[in-house]
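Dear colleague,

Please find the structure below, handed over for your use.

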Amino acid sequence: MIPLSKPVFDEEMRNAALDALQNERFVMGESVFKFEEEFARYCGTKFAVSTSSGTFALQLALIALGVNRGDHVVTTPYSFVATANAALYVGAIPVFADIDVRTCNLNPELAKEKLTSKTKAVIPVHLFGFPADMKNILDVCRDVNCAVVEDACQAHGAEYCGRKVGALGDVGCFSFYSSKNMTVCGDGGMVVTNNEDVTRKIAKLRDCGRASHCEHDLIGFTARLNTVNAAIGRVQLRRLDEWNEKRRVCAGLYDKFLSDLNGLVLPPNGSFDIRPVYHLYVIRTKLRDRLKVWLEQKAIQCGVHYPLPIHLQPVYRELFAFKGGEFPNSELLSRTALSLPMYPGLRKDEIEYVCESIREFFVQI
Ligand SMILES: Cc1ncc(COP(=O)(O)O)c(C=O)c1O
C-alpha cells in the first residue's frame with residue numbers, strides 16, 4: 001500500500017525524546033523554550049509560544065487579540081473545522097467568504113464584502129501548503145483595522161514574497177499533528193508573532209492563566225506543549241526545509257506525469273514569489289469518488305480534504321441554518337478534490353505507478 005502520508009520518527013528523535021524524559025521536567029522543560037526560540041527564528045518573527053494543538057493556537061490567538069463575544073471573524077469555509085471553531089470558542093461568530101477555486105484559499109474580494117464594523121479578525125488559511133493571497137488580504141484588513149490571524153497549520157516553511165507564512169499577519173498559527181509537514185509525534189501547536197503583548201498573553205493563557213507560580217491573573221487553559229514533544233519538534237524543525245524540498249520534487253513529478261490528462265485539474269504552481277510546501281497534493285475531477293475507489297483497489301491510499309465544507313458540517317448547519325449553495329466554490333471542491341500520496345520519502349517509481357493508475361482509470365471509463 002502506498003500511504004497518503006508517512007510521519008518520520010527516527011533514531012535522532014528517539015534519542016532527543018529519551019534525553020528530555022530523563023533530564024528535563026515533563027512539563028515546561030528547557031526543550032519547550034528552545035523549540036519556541038528556534039521556531040520563531042525559522043519563521044522570522046520575534047516571538048513564538050507553543051501550545052498543545054493548532055486548535056488551541058488559533059483560539060488563544062483570538063483571545064489575545066481581544067476578539068470577544070458577538071464579534072465577527074471572517075474566514076474560509078473550505079478548511080479543517082478547527083479554523084472556524086476558534087471563533088466559536090471565544091463566543092465570536094464565524095462569517096464565511098468563499099475561496100478562489102484555483103488556489104483553494106480565501107478570496108480577498110469576497111472577504112472584503114463580509115467586513116463590517118463588527119469584524120475583529122480575518123483568518124486566511126494557507127490550505128494544502130499553498131500561501132493565501134496575503135497582499136490583498138492584508139490590504140482589505142488594513143482598511144477596516146481588523147487583525148489578521150494566519151492559519152498556517154498546513155504550511156510550515158511555505159514562503160510568500162520572500163517571507164515565511166505565519167509571519168505576514170498579526171499572528172500565525174501552526175499545528176504539529178502527525179500528518180503535518182513537521183510533527184512533534186503527538187499533538188502540538190505554535191503561535192508566532194512580533195507583538196510582545198500578544199505573546200505574553202498567550203504564554204499565560206496556555207499555562208492556566210499564570211502570572212507567577214501561584215498567581216493567576218487570567219482565566220487560562222491547560223494548553224501547553226509537553227517537553228518530550230518539543231524535544232522531537234526541535235529535531236524535526238532542522239529537517240523541515242529538506243523535507244519540503246523533497247515534497248516539491250514529488251509535486252513536480254506528479255505535475256509532469258499528469259499534466260496532459262483531460263478532465264483533471266492539478267494544484268496551482270508556485271512562482272518566484274510563492275513557494276508552496278505541498279502538505280497535500282490535491283487534484284480535481286468530477287469522477288473523484290470513482291477514481292478514489294479505483295486507486296484504492298490498486299493499493300494507493302487517497303484522501304478527501306474535505307468532503308464537507310465547514311458550513312455544511314452538521315453542527316454548523318444546525319447553528320447557522322446553512323442549506324448548501326451558499327459557497328459554490330468550496331462546495332465544488334468538496335465534491336471534486338482528491339488528495340494523492342505525498343510525503344518526503346515517496347519514491348519516483350511510486351509516483352509513476354500512481355500516475356499510470358490514474359491514466360488507466362481515464363482510459364477505461
Ligand atoms: C487548516 C487547519 N487548521 C487548524 C488545524 C488544527 O490543528 P490541530 O489538529 O493541531 O488542533 C488543522 C489541523 O489539524 C488544520 O489543518
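By class, 14 nonpolar, two polar and two charged residues make up the lining of the largest cavity. In this classification Ala, Val, Leu, Ile, Met, Phe, Trp, Tyr, Cys and Pro count as nonpolar, Asp, Glu, Lys and Arg as charged, and the others, Gly among them, as polar.

Before the remaining findings, a note on the basis of the values. The model is predicted, and local features need pLDDT of at least 70, side-chain atom pairs count only at pLDDT 80 or more, and totals for chains, interfaces and linings use all residues. Residues are numbered from 1 along each chain as its sequence is written, and side-chain values use heavy atoms, with hydrogens and water left out.

Cavities

Rolling a probe the size of a water molecule over the atoms shows where empty space is left. The search used a 1 Å grid over the protein atoms alone: a cavity is a set of points where a 1.4 Å probe fits but cannot get out, a pocket is an open set with protein on both sides within 12 Å along at least five of seven lines, and lining residues have an atom within 4 Å of a point. Grid points are joined across faces, edges and corners, and a volume is the space filled by probe spheres set on the points.

Two cavities of 30 Å³ or more are present in the structure. The largest cavity holds about 140 Å³ of space. Its lining has 18 residues, and Cys104, Phe128, Pro267, Pro268 and Val282 are the closest to its centre. Strand β11 (residues 281-284) supplies the largest share of that lining, three residues. Helices (H or I, at least four residues) and strands (E, at least two) are DSSP runs, numbered from the N terminus.

The volume of the second largest cavity is about 100 Å³. Among its 15 lining residues, Lys6, Pro7, Val8, Lys180 and Arg247 lie nearest the centre. This lining divides into six nonpolar, six polar and three charged residues.

The largest pocket

The largest pocket contains about 510 Å³ of space. Of the 27 residues that line the largest pocket, Phe80, Gln154, Tyr177, Lys180 and Tyr306 lie nearest its centre. Two or more lining residues come from each of α3 (54-64) and α4 (82-89), and α3 gives the most, with three residues. By class, the lining of the largest pocket has 12 nonpolar, 12 polar and three charged residues.

Backbone geometry

Most residues other than glycine have a negative phi, and most peptide bonds are trans. Tyr306, named above for the pocket, lies in the loop between α9 (288-297) and α10 (314-320). The peptide bond from His305 to Tyr306 is cis, with omega near 10°. Ala299 is also placed in the loop between α9 and α10, and has a positive phi near 65°. With a relative accessible area of 32%, Ala299 is partly exposed; here buried means under 20% relative accessible area, exposed over 50%, and partly exposed in between (1.4 Å probe, protein chains only). Cys185, in the loop between β8 (171-175) and β9 (189-193), has a positive phi of about 55° although it is not a glycine. Its relative accessibility is 34%, so Cys185 counts as partly exposed.

Helices

Helix α8 (residues 227-258) has 32 residues and should span 46 Å at 1.5 Å a residue; its end C-alpha atoms are 43 Å apart, which agrees. The expected span is 1.5 Å times one less than the number of residues. A bend of about 50° occurs in α8 at Leu240, taken as the angle between axes fitted to the seven residues ending there and the seven starting there. Because 23 of its 32 residues are buried, α8 is largely enclosed by the rest of the structure.

Phe361 belongs to helix α12 (residues 348-364) and counts as buried, at 2% relative accessibility. Phe361 and Arg290 are 71 residues apart in sequence, with their C-alpha atoms 8.9 Å apart in space.

Strands

Two strands pair if DSSP finds at least two bridges between them. Glu159 stands opposite Arg275 in β10.

Strand β5 (residues 147-151) is largely enclosed by the rest of the structure, because five of its five residues are buried. Strand β4 (residues 119-123) runs parallel to β5 and is joined to it by two bridges.
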